[in-house]
Amino acid sequence: MLRAVDHRPCVVVCSTCRVSADAREDEAGRRGGALLADALREARGDDPAMAGIAVEEMPCLFACQRHCVVQIRAPGRIGYVLGDFAPDGDAARAILDYAALHAASEHGQVPYRQWPAGVKGHFITRTPPEGFVVA
């Protein structure tokens with residue numbers, strides 16, 4: 001059931017997420033999460049600023065009232081679950097830009113003024129890193 005991945009900064013994409021609040025799949029029968037994962041990998045491309053950010057897929061992050069949900073995580077840092085994205089390149093770039101800022105931060109807290117506009121309003125939860133709680 002579990003698959004080991006590298007212990008590094010990562011965007012985990014719910015591969016089974018809906019395309020939108022109103023549609024489960026696109027015209028070709030692809031789920032929004034799978035489309036967003038592809039967009040993230042394409043946006044990451046060969047960008048050296050994104051080289052340390054992994055993109056992983058996982059079926060169902062249990063945020064089914066939302067669509068196109070991701071988790072942003074990094075070792076020893078607060079993690080975040082975000083959702084309601086369009087499965088496109090603009091959303092992917094904003095998510096990756098935030099993930100890079102998150103990975104570069106000491107504890108996973110990025111000052112709001114640094115957040116890319118494309119992630120504002122998309123945060124669902126924050127989770128403490130293993131072995132910690134936020135004080």
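How much space lies in the largest pocket? About 770 Å³. That figure comes from a predicted model, as do the other values here.

The lining of the largest pocket counts 24 residues, and the closest to the centre are Val5, Val12, Met58, Gln71 and Arg73. Two elements, E2 and strand E3 (70-73), each give two or more residues to the lining. E2 gives the most, with three residues. Sorted by class, the lining holds eleven nonpolar, eight charged and five polar residues.

Now turn to strand E2 itself. Strand E2 covers residues 54-58, and its partner is strand E1, residues 10-14. The two strands pair in the parallel sense. Five bridges join them. Find Cys10 in the model, and look across to E2: Ala54 stands opposite.

What do E1, helix H1 and E2 make together? They make a β-α-β unit, and the unit is right-handed. Helix H1 spans residues 32-44. Trace the chain through E1, H1 and E2 to see this unit.

Next come the salt bridges. How many does a search of the whole structure find? The search finds seven. One of them pairs Glu56 with Arg3, and their closest N and O atoms are 3.2 Å apart. Glu56 sits in strand E2, while Arg3 sits in the segment before E1, so this pair ties together parts that are 53 residues apart in sequence. Is Arg3 buried or exposed? Arg3 is exposed, because its relative accessible area is 56% and the exposed class begins over 50%.

Glu57 pairs with Arg41, and here the closest N and O atoms are 2.9 Å apart. This pair links distant parts of the chain, with Glu57 in strand E2 and Arg41 in helix H1, 16 residues apart. Glu57 is partly exposed, with a relative accessible area of 29%. Arg41 counts as partly exposed too, at 31%. Elsewhere, Asp47, Arg93 and Asp97 form one network, joined by salt bridges that share partners.

Another salt bridge brings together the side chains of Arg31 and Glu25, at 3.9 Å from N to O. Glu25 has a relative accessible area of 39%, so Glu25 is partly exposed.

Most residues other than glycine have a negative phi. Cys60 lies in the loop between E2 and E3. Phe62 is in the loop between E2 and E3 as well. Phe62 is not a glycine either, and its phi is positive, at about 60°.

Phe62 has a relative accessible area of 73%, so Phe62 is exposed.

E2 pairs with E1, belongs to the β-α-β unit and gives the most residues to the lining of the largest pocket.

Conventions: Residues are numbered from 1 along each chain as its sequence is written. This is a predicted model: local features need pLDDT of at least 70, side-chain atom pairs count only at pLDDT 80 or more; totals for chains, interfaces and linings use all residues. Side-chain values use heavy atoms; hydrogens and water are left out. Two strands pair if DSSP finds at least two bridges between them. Helices (H or I, at least four residues) and strands (E, at least two) are DSSP runs, numbered from the N terminus. A crossover is right-handed if, with the strands pointing away from the viewer, the path from the first strand over the helix to the second runs clockwise. On a 1 Å grid over the protein atoms alone, a cavity is a set of points where a 1.4 Å probe fits but cannot get out, and a pocket is an open set with protein on both sides within 12 Å along at least five of seven lines; lining residues have an atom within 4 Å of a point. Grid points are joined across faces, edges and corners, and a volume is the space filled by probe spheres set on the points. Ala, Val, Leu, Ile, Met, Phe, Trp, Tyr, Cys and Pro count as nonpolar, Asp, Glu, Lys and Arg as charged, and the others, Gly among them, as polar. Buried means under 20% relative accessible area, exposed over 50%, partly exposed in between (1.4 Å probe, protein chains only). A salt bridge is a side-chain nitrogen of Lys or Arg within 4 Å of a carboxyl oxygen of Asp or Glu.
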